[in-house]
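This report describes the fold of one protein chain, from its overall make-up to single residues. The structure comes before the text.

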Amino acid sequence: MAETTRITVGLVEDHSLMRQGVATLLANAPDITYVGGFARLADLLDTTTPDIILLDLRLGDGTDPATNVAVAKEAGSKVLIFTSAEDPYSVRTACQAGAAGVIRKSDSDHLLIEAIHQLASGSEAAGLDWATALDSDEHFVTTVLSENERRVLAEYACGLTSRQVARKLSLSEHTVNSYVRDIRRKYEQAGRDARSRVDLYLHAVKDALAPGPEGLR
């Protein structure tokens, strides 16, 4: 009988109790080889390159989720976002960077194992958090708002002044103010109130252009 191909899986998670729990769970999976849990992605990739990396979105080292996904993919691993956070912005940016699925830490052991098998077989593991992250007004974000408007909105809605946005994005303050006026007008034309900065912030969060309060450090 041919030997079953084993799936190698590593975890990037900075909470030791969670690492211990995942290690116990995966040790009992007959076709999975658990290569270990690490607090930093770099530490894992310095050791080995597993088939699948379970990646926590919020790591204590302050690394960016999308960057971590891109680095893991470049190394040759598929990425399954493993999170307890309700943060559509971070999930969306991670998915845009190439994550192949999302699963919550509160999901059952069965769902985690199933998600690993789905990724190993070439499918995506699209759970509720994946759907939530993509349940924004995709047409409005990608078609009505220009790329520069999306960039300005992401910064302005989170509290930066027009001058600060201009400095960060290498634009003139006049240009930023013009973008903000156009953004407000486009939201109003779409039937979405955008008179206040709070309105813009709420729209930016809903459309996954900016992190919600729990995603701000």
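## Overall make-up

The protein chain has 11 helices and six strands; helices (H or I, at least four residues) and strands (E, at least two) are DSSP runs, numbered from the N terminus. The model is predicted, so local features need pLDDT of at least 70 and side-chain atom pairs count only at pLDDT 80 or more, while totals for chains, interfaces and linings use all residues. Residues are numbered from 1 along each chain as its sequence is written, and side-chain values use heavy atoms, with hydrogens and water left out.

Of the 217 residues of the chain, 43% count as buried. Buried means under 20% relative accessible area, exposed over 50%, and partly exposed in between (1.4 Å probe, protein chains only). Among contacts between residues at least 6 apart in sequence, 65% join residues at least 24 apart; a contact means heavy atoms within 4.5 Å.

## The nonpolar cores

A nonpolar core is a set of buried Ala, Val, Leu, Ile, Met, Phe, Trp, Tyr and Cys residues joined through side-chain atoms within 4.5 Å. In soluble globular proteins, nonpolar side chains tend to be buried together.

The largest nonpolar core holds 20 residues, and the members that touch the most others are Val9, Leu26, Ile32, Leu54, Leu80, Leu112 and Ile116. Two or more residues each come from strand 1 (7-12), helix 1 (16-27), strand 2, strand 3 (52-55), strand 4 (78-83) and helix 5. Helix 5 gives the largest share, five residues. Apart from this core lies another, of 19 residues, including Val152, Leu153, Ala157 and Val180.

Ile116 is found in helix 5 (residues 109-120). Its relative accessibility is 0%, so Ile116 counts as buried. Leaving aside neighbours within four places in sequence, Ile116 is in contact with Ile7, Val9, Leu26, Ile32, Ile52, Leu54 and Leu80. Ile116 and Ile52 are 64 residues apart in sequence, and their C-alpha atoms are 7.4 Å apart in space.

Phe38 lies in strand 2 (residues 32-38). With a relative accessible area of 17%, Phe38 is buried. Not counting residues up to four places away in sequence, Phe38 touches Leu11, Val12, Glu13, Arg19, Asp43, Leu44 and Thr47. From Phe38 to Val12 the C-alpha distance is 4.9 Å, across 26 residues in sequence.

Two packed helices are described by the angle between their axes and the distance between the axes. Axes are lines fitted to C-alpha atoms, for helices over the stretch in contact, and angles run from 0 to 180 degrees between N-to-C directions.

| Helix pair | Angle | Axis distance |
|---|---|---|
| Helix 8 (residues 147-156) and helix 10 | roughly 95° | within 10 Å |
| Helix 10 (residues 173-189) and helix 11 (residues 197-206) | about 70° | 11 Å |

The angle listed for helix 10 and helix 11 makes them roughly perpendicular. Angles under 35 degrees count as roughly parallel, over 145 as roughly antiparallel, 65 to 115 as roughly perpendicular and the rest as oblique. In this contact, Val180, Ile183, Arg184 and Tyr187 of helix 10 meet Arg197, Leu200, His203 and Ala204 of helix 11. These residues divide into five nonpolar, one polar and two charged. Ala, Val, Leu, Ile, Met, Phe, Trp, Tyr, Cys and Pro count as nonpolar, Asp, Glu, Lys and Arg as charged, and the others, Gly among them, as polar.

Where helix 8 meets helix 10, Asn148, Glu149, Val152, Leu153 and Tyr156 of helix 8 touch Val176, Tyr179, Val180, Asp182, Ile183, Arg184, Lys186 and Tyr187 of helix 10. By class, this contact has eight nonpolar, one polar and four charged residues.

Lys186 lies in helix 10 and counts as buried, at 16% relative accessibility. The side chains of Lys186 and Glu149 are joined by a polar contact of 2.8 Å. A polar contact is a pair of N or O atoms within 3.5 Å; within protein, one must be able to donate a hydrogen and the other to accept it, and residues adjacent in sequence count only if both atoms are side-chain atoms.

Ser172 lies in the loop between helix 9 (162-169) and helix 10. At 36% relative accessibility, Ser172 is partly exposed. Its side chain makes a polar contact of 2.7 Å with the side chain of Thr175.

Ser170 is in the loop between helix 9 and helix 10 and is exposed, at 68% relative accessibility. Most residues other than glycine have a negative phi. Ser170, although not a glycine, has a positive phi of about 60°.
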